[in-house]
Amino acid sequence: MIYTKIHTLEIELSSSCNAGCCVCPRYIQHNDGLYLNPHADLNQHLTADVIRDVVTGFPTANNLKVDLIGTVGDPLSNKNIVELVDTIVTHKPDCIMQIHTNGSLRNPKTFSQLAELMPYHGQRKIVFSFDGLEDTNHLYRKNVNWSRAIANAEAFISAGGNAMWKMVKFNHNKHQIQEAKKLALTLGFKRFQTSANQSPDNLIDRIIVNKENILTMHKRPPTLADGYEDDDPKELVDPGTIIEAQCEIGQYVHVRADGLVFPCCMVAGSMVDPTEWIRKDSMDLMQLPGDWNNLYKRSFSDIMYSKEWSAIKNNYDSDTPCYVCADNCAVDHDKANKAYHVR
Ligand code: SF4
Ligand code: SF4
């Protein structure tokens, strides 16, 4: 068994999004284009029935942490977000909660309603990903309307919500950190946090030219005619690689917007990787295709007590773990943006 009591429940409420962030897994960047990722199901929204099943179907820690964050979508894309958050806090009144958003979806009324559902001594918050100010936020967060995002944040704050401003430092916005911090304090954000850019600087610098994002967004996947080919060479895992399994140590579970349950967002994300052998690596780990981890076919309880978890555990406990586990949870890996889900 991997799980006895869930500590962190990460839920992707929606796989839709209005923004065009170039390194988001919902897209494939190729040359000067940003294309839809054909391996991700980009228009799925979890329902209140599924959420109720998830939060009541398996033992959880008293201070359960619920992270509403997407791999390929923004939680505010789910038009039932208020009902879904209400369902979670009704069944888990002591839970810690974080909603991560680009801030520009829905309207001030929705954000006021969310604030009313989240008054928990700073234990619940919305993390607004604002990567700069009015003249820079959209350079990376393409399509995000600044005025709407600020209006939503203001509505959330004035209704008593605990808001955090999270800013990724890029070469094109790092001169604005102090100004952004000042604005955050003026608007009533409780926290302002910067984080390092995890993508190569030259990737972002190449697409932001003369204060403009030069990528053209295409509402379709890239094709051979665009010169696109999945030809990444296969990487091998060193025998003897030791895994520090965040799923088991952190009692961490990820629920994807299409209702599939995963041990972590890393495996869920690898399932939609543009590189075929990485997708296959994750499919094999998850023993898919199949329905064993599908919340629209089985209850969360049935899924969590399923025998398939043993094979996942045997894999990461073995001398030859799969690529996705080695890439994300090897004790000595040197990945820049190591995920950490152990509390
Ligand atoms: S806001 Fe989030 S989900 Fe939307 S494109 Fe950007 S990174 Fe992806
Ligand atoms: S990558 Fe593997 S070991 Fe790490 S959390 Fe996910 S399933 Fe567990």
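How do the residues of the shell around ligand 1 divide into nonpolar, polar and charged?

## Basis of the report

This is a predicted model, in which local features need pLDDT of at least 70, side-chain atom pairs count only at pLDDT 80 or more, and totals for chains, interfaces and linings use all residues. Residues are numbered from 1 along each chain as its sequence is written, while chains are lettered from A and ligands numbered from 1 in the order in which they are written.

## Ligand 1

The shell around ligand 1 holds four nonpolar, three polar and two charged residues. Here Ala, Val, Leu, Ile, Met, Phe, Trp, Tyr, Cys and Pro count as nonpolar, Asp, Glu, Lys and Arg as charged, and the others, Gly among them, as polar. Around ligand 1 are Cys17, Ala19, Cys21, Cys24, Arg26, Gly70, Gly73, Asp74 and Asn102; a residue is near a molecule if its C-beta atom, placed from the backbone, lies within 6 Å of it.

## Ligand 2

Ligand 2 has 14 residues around it, of which Ala245, Cys247, Cys264, Cys325 and Cys329 come nearest. Two or more residues of this shell are given by each of α8 (246–249), α9 (265–270), α12 (308–317) and α13 (323–329); helices are DSSP runs (H or I, at least four residues), numbered from the N terminus. The most, four residues, come from α13. By class, the shell around ligand 2 comprises twelve nonpolar, two polar and no charged residues.

## Helix α1

Ile51, Val54 and Val55 are buried in helix α1 (residues 48–56), buried meaning that 20 or more other C-beta atoms, placed from the backbone, lie within 10 Å of a residue's own. Seen down the axis of α1, the buried residues fall within an arc of 90° (taken from the directions from the helix axis to the C-beta atoms), so they line one face of the helix.

Technical notes:
Buried ≥ 20, exposed ≤ 12 C-beta atoms within 10 Å, placed from the backbone.
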